[in-house]
Amino acid sequence: MTIMPPRKHGDASDGMVGGRLTRFEGSLKLTGAATYALEYPIDNLAHAALVQSTIAAGRVVSVDVTRALASPGVLMVLTPEDDLGLRVSADWQGNRPEDKPYHPLPREVQFNGQSIAAVIAESREQATEAAKLVVVTYEETSPVMSIDDPAAGEGKLMDNLTIGWGDAEAALAESPVRIESEYSTPREYHCAMEPHGLTAKWDGDELTIWEPSQWSHGMARMYAEWFAMDYEKVRIISPYIGGGFGSKGQPLAYGAVAVAAARKLGRPVQLAVTRPQNFTSYGGRAATRQTIALGASEDGVLQAIVHRGRTETSVYMDYPEQTGAATPILYKVENFSSQSRVVPVNTVTPGALRGPGKNPSAYGIESAMEELAYKLDMDPLELRLKNYADHDYQSGKPWSTRMLREALTQGAAAFGWEKRSHQPRSMRDGKTLIGWGIGCGTFPVIRAPSEAMIRVLANGRVEVVSGSIDMGQGTYTILAQTAAEALGVPVSQVDVLLGDSRMPGSSIAGGSMLAGSITGAVHKAAIAARDELIGLALNETGSPFRDTGANTLSLVGGRIEASRGGGPSLSLQELMQALGRDELEIRRNTLAENAQSPDDQKQAWTTMSKVQGPTSGDLSMHSWAAHFVEVRIDEDFGTIRVSRMVSAFDCGRLYNPKLVESQWKGGIIMGIGQALLEEGVVDPRNGRTINSNMADYLVPTNADIPDIELISVGVPDLDASTLGGKGVGEVGIVGVAPAIANAVFHATGKRIRDLPITLEKLM
Ligand code: MCN
Ligand code: MOS
């Protein structure tokens, strides 16, 4: 779990905040040295395989397990008949529902692909084989297959998502120039390289779970509540994760099944969720439909935005994909109205997927803005700049920092936007139609309290310890940089230990909130550790500084010495030896002074109840993006290629620009997939996601990805975070799909309003 320091860096300054250090754990993952949740060598391990429903709605009448139980190696079959003895857990906010049993293998079937039984055997192969022999009889009821099913209806209005100011309907009616369109997006899925799964082991009343997690503390709490045990007795271990993209923030039904099976059997149990089962274990991004009407003056000043969104949810939980999330904050507008509905259908509850809400929301408003630009016969860049929001019209608050104008103008300059000819179909290269488009993106700055520990060891090495998560974004690396800079030691002297709920509490690696939150805690702990070391060096017996009369010392380049030079100079190892210390341990958190009780701390690390949104203070804080896209489309075949992209971002200060660039690129690549390839296809006969595998659910390959030029226009935003950074992980995807849709329109004159834009839609 200890991450080896990098063997070489180009430049010593790489180790400081802002340096371009390579991800510490990257080579461990590439070489197979990183151990994933299903790879821990655990003795006496039994293996579980899930049996999932093949109908979309109804009841399990009976489960015949005779043949499965007789199959070689089978130890146990769990069905809805078994009471696993679980209780429902509190939600993310920590709100406890009425105390009642929780059945992870329920009798009631609410979607196709719901887990209804599990076979546990000596080997994974035996469990998988026996799972096929379980015979389930159902009593079917009539399901609602998807948002397009006539039975789905208009859905439920989510009052808490209604946003409005001015009189949008009236202002729209009076506007001389208007557009109105409907935009749709299909179900989309995370498809992280590492599928879901876990290994669960009981030792008496203590439970250890190796499971990929975006939030070790939150997951430990929910497991503890399911199994009615003390939080302290559950341990989640998750040092390496092969991607999550939002899907690994909470324990899921299969986890409860595996842990319950381990308890019943008295043996550790491992459960590997198969790739198809991944598609229904945690929902993907909900299918969305939104209507946007824009009203403008003849010279292109926005008068009104009217937005109506509908998104799929499950029949058992209202999860709104907030299509009205970006619409109110991108432009200056005096009259605004947005309403959102959820439409219950027989699907697993959809969930957060990179850029939740903001992503489909930006797809809508950024497509609509471009439609308005054409209606006005105005350059889409000019329209965006003309309607630039000088403050947040939704909250009425000033922006903390908003360099979106710079992103638009610098992005345009790098892209060569001035060479564009406005008319659709007016740019071509032989039989290839060329189109250029813009899409803006945004993601809020979200902050959560976090805690970190700095340990200085007798050998002079420094450990940063946090239960937070690195699923590939770079947490290990930026925390080493943060500690090295604040302490004044080379980064090669720092080890970072993450991904264990027994370690200090932290925010979720989600909502792009981790980096800003946890660097704040590490910075605070490292400064305190430095002050403590200096204090000990000045005052402790045994220290050679004690008698020098110095009243302060400095710690630079890993050496402690008088600030003015002269006198003794000790490495950390020498100092620890002189002090006769084995270890110095400092913990700090970012909680408010009045929220430091053990209860407050537990709430802070294990629920979302202390998370602060972008407008919780006097300012409105967000990351911003402007994407410029060129597409090339074969006129005869309609094949679309993204041939060039420039994306300019304002994410404040960048802790590590190299990692930020790969975050942005990762988001952009997912956005290209969303625009052109990704679509969960629902079988209208039984509600099954037909293409629930990596061969049929298309994601981009290297050949689909052009050169992507990235520009950072951000400035440090010290209101947003301790070190001045804003969120990076999600904003990259936001605005990419509309930029591509807009470029496709510019190339072909045809506007495709439902994603993905596949060639048959262009024909
Ligand atoms: N960073 C930086 N400077 C900043 C902000 C961030 O250098 N001002 C860099 C750091 O390397 C940091 C990373 O960007 O580790 C992401 O920081 P942040 O934006 O705070 O996001 P989180 O750490 O909270 O990570 C979650 C975010 C989300 S919500 C999704 S979804 C997502 C994403 O990160 N899923 C990912 N990036 C992913 N990257 C990988 N490889 N795999 C995923 O599943
Ligand atoms: Mo990201 S979808 O908030 O994990």
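The model is predicted: local features need pLDDT of at least 70, side-chain atom pairs count only at pLDDT 80 or more, and totals for chains, interfaces and linings use all residues. Residues are numbered from 1 along each chain as its sequence is written, while chains are lettered from A and ligands numbered from 1 in the order in which they are written.

**Overall fold**

- The chain holds 18 helices and 30 strands, both being DSSP runs numbered from the N terminus (helices are H or I with at least four residues, strands E with at least two).
- Along the principal axes, the C-alpha atoms fill a box of roughly 80 × 70 × 50 Å.
- The chain's radius of gyration is 27 Å, which agrees with the value near 27 Å for a compact globule of 763 residues; this radius is taken over C-alpha atoms, and the globule rule is 2.2 Å times the number of residues to the power 0.38.

**Packing**

- Of the 763 residues, 56% are buried, meaning that 20 or more other C-beta atoms, placed from the backbone, lie within 10 Å of the residue's own.

**Around ligand 1**

- The shell around ligand 1 has 36 residues, and the closest are Gly 472, Gly 474, Ala 515, Gly 725 and Gly 729; a residue is near a molecule if its C-beta atom, placed from the backbone, lies within 6 Å of it.
- Helices α12 (475-487), α13 (514-539) and α16 (657-676) each supply at least two shell residues, and α16 gives the most, with four.

Terms used: A residue is buried if 20 or more other C-beta atoms lie within 10 Å of its own, exposed if 12 or fewer, and partly exposed in between; C-beta atoms are placed from the backbone.
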